[in-house]
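Here is a walk through one structure, chain by chain and contact by contact. Keep the viewer open as you read.

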Amino acid sequence: MLTIENLHAKVEGKQILNGIDLDVKAGEVHAIMGPNGSGKSTLSSVIAGHQDYEVIQGTMLMEGQELSDLSPEERAHKGIFLSFQYPIEIPGVSVTNFIKTAINASRKAKGLEDMPANIMLKKIREKSALLEIDSRFLSRSLNEGFSGGEKKRNEIFQMAMLEPKLSILDETDSGLDIDALKVVANGVNKLRSKDNAVIVITHYQRLLEYIVPDFVHVLWEGKIVKSGTKDLAIELEEKGYDWIKEMA
Amino acid sequence: MEFKEKLLASHLALEEKVDLNDAVHQTRLESLKTFEQKGFPSPKDEAWKYTSLNAMVRQDYALFPKAETSIELKKVKKYFLYEIDTYKVVFMDGVYSPFLSDTTHDGLDVCLISAALSKAKYRNLINTYFNKITNKEDSLTALNTSYTLEGAYVYIPKSVVAEKPIEIIHFSTGKEKALWLQPRNLIVVDNNAQVQIVERHQSLKKHSVVTNSVTEIYAHQDALVDYYKIQNDLSTASLIDNTYISQEKNSNVSVHTFSLGGKLTRNNLNFYLKGERCHSTLKGVTLLEDRQHVDHYTLVDHASPHCESHQDYKGVFSEGSKGVFNGKIHVDRLAQKTNAFQQSNNILLDDKATVNTKPQLEIFADDVKCSHGCTVGQLDEDALFYLRSRGIPKKEAKALMTYAFANNVLESVELPVLKKRINKLIAEKLGVNLGFDL
Ligand SMILES: Nc1ncnc2c1ncn2[C@@H]1O[C@H](COP(=O)(O)OP(=O)(O)OP(=O)(O)O)[C@@H](O)[C@H]1O
Ligand SMILES: [Mg+2]
């Protein structure tokens, strides 16, 4: 589904990604771990198409198409979704209006009519129930004054509504309490299928107990320095990153 | 003949239309002298630095159009808050339109200033209020005063709550190629009384029209006044709005100005806080394109202690449009415990639009809280990326964010139909798809 080869990228004149290779197939879950500042969020921003990040070398193919040629919205229309590490507050736009606008924009790009209001409403009800989100919450301004955990839950609600092919969850677990973590993980699992894939960025093994990865990668200084199975995450939890840095 | 000369010379013609023995004729004559001495403001005046009337007054205008009252309701219905029942004072080319109006004398007065000026029973009120809080040095106000002929007169007696909003609407029909209008409104809200007023100036056809309007509003003790100005006129219409508000103890007055269209608009909005514990709210949404120009020139004069004033102006400018915000807060030596806040936030959607902002604080008391902030910027890039990453195209994302930015001024609008109407106008102007509920 997503094939990244030898990806180098820079931001504000500083090179952050130094040759990433990653191959994500439909139906798979990949976890990316790594110390603070190693480039995990940078990789997600580059995949999602943030204008500040510049690809200087390498390729990113999503179902055979080079992503660098596409605008952020076109990437979203192709089925890429990024759950932000720090979701942005948008005062004056309610969660509901935002998600309706987003869904209909994607439909329009595919040549479809607006989603009928009753179906939209039903879907909103269904997905907010899945993530145990109070309906009052949906009429509030997007992320404005939301707690850290509420923001993350809201990201996954958006993911559930948009039904992406490839979801990148950037530290979705940070800020969530234990119960919320289960709700959110359960939500993500419900959305999984053989046709879509998930990249989970996290610092903690705990999330991976709920969303079980097929592969675990360690990112350090802008490169994937080690890959393994879910056991690698357990090992990292025990030993930290020093041994990997030494090996690299 | 220059237009100024014409105004001076034509005053004789006005004298044929008014009662020379009415309560204000002397005031008219004195004001004409003021205008004669001062003339139109020039860009050399500090207060008119960014807004030039030179081109406007180089033209000639008709001053006394023929009455034109026959118009089909369905042609103008959309300019009214037709969804609800309201009092209406409506003028066509400056002439009262009984057909479109819905006035009253039942428990409160919603009628014409021409009637109030000429009838004996109003003489006391006119003597007490007419032209009492205007700035006597202001030449445009003086010009309006000298030509006082018609406008709305509203009187809400003690403890009366006007149960319907009042609409004051001035249409210009385009029958005259170029027209100069000078409506004069007087609004008195007595102790503990309440009223909501919506004012609108609207051309029905593209033609050169300038409105130089003066409104005096008196809010007595504990009075509550919500005043809304809808400025969404055609690109050939200009407006100079001079509004003067006097507040007594504990009164609460808000003025919302929605500047969404027109050629040149200047809002001189003056609040005089004379009693203690007044609340004043000045809010504005300005949304301009093409070569439109809006200048907000506000004054909040804190003359008494324990008062609170809030100014919040949002502006969005594109395509060579021009915005000006000049906000003056004056706190008198005696006005301790004043809270005065002022915000002017502006977004430039492209590099052809410009905004000039200037806060002026004159504070002579020591125990006060004052703040002001002016920002001019672009839309937040990270927020745009967030919206786009969800599949919303750049243009729509920008429109949605601009809409959200401007819209939050509407939170304090107490009239739901109006709020919805303005919401919709803003969304339409920005090209935001209204596929969602507001
Ligand atoms: N917009 C930017 N401008 C300048 N430097 C940036 C920018 N974005 C990221 N960086 C730098 O790039 C490096 C990688 O940052 P990134 O956010 O990708 O790390 P991360 O692996 O996600 O870390 P964390 O675990 O703390 O979230 C850091 O040194 C960071 O300071
Ligand atoms: Mg990060």
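A salt bridge here is a side-chain nitrogen of Lys or Arg within 4 Å of a carboxyl oxygen of Asp or Glu. By that rule, chain A and chain B share two salt bridges. One of them joins Arg390(B) to Glu155(A), with the closest N and O atoms 2.7 Å apart.

Some ground rules come next. This is a predicted model, in which local features need pLDDT of at least 70 and side-chain atom pairs count only at pLDDT 80 or more, while totals for chains, interfaces and linings use all residues. Residues are numbered from 1 along each chain as its sequence is written, chains are lettered from A and ligands numbered from 1 in the order in which they are written, and side-chain values use heavy atoms, leaving out hydrogens and water.

Back to the interface. Eleven residue pairs make polar contact across chain A and chain B, both residues being at pLDDT 80 or more. A polar contact is a pair of N or O atoms within 3.5 Å; within protein, one must be able to donate a hydrogen and the other to accept it, and residues adjacent in sequence count only if both atoms are side-chain atoms. Helices (H or I, at least four residues) and strands (E, at least two) are DSSP runs, numbered from the N terminus. Ala, Val, Leu, Ile, Met, Phe, Trp, Tyr, Cys and Pro count as nonpolar, Asp, Glu, Lys and Arg as charged, and the others, Gly among them, as polar.

Now turn to ligand 1. It is surrounded by 16 residues, each with a heavy atom within 4 Å. Among the closest are Gly37(A), Lys40(A) and His203(A). A polar backbone atom of Gly37(A) lies 2.9 Å from an oxygen atom of ligand 1. The side chain of His203(A) places an N or O atom 2.9 Å from a ligand 1 oxygen. For Glu171(A), the side-chain N or O atom is 3.3 Å from an oxygen of ligand 1. Strand 2 (14-24) and helix 1 (40-48) of chain A are the elements giving two or more residues to this shell. Helix 1 of chain A supplies the largest share, three residues. The shell holds four nonpolar, eight polar and four charged residues.
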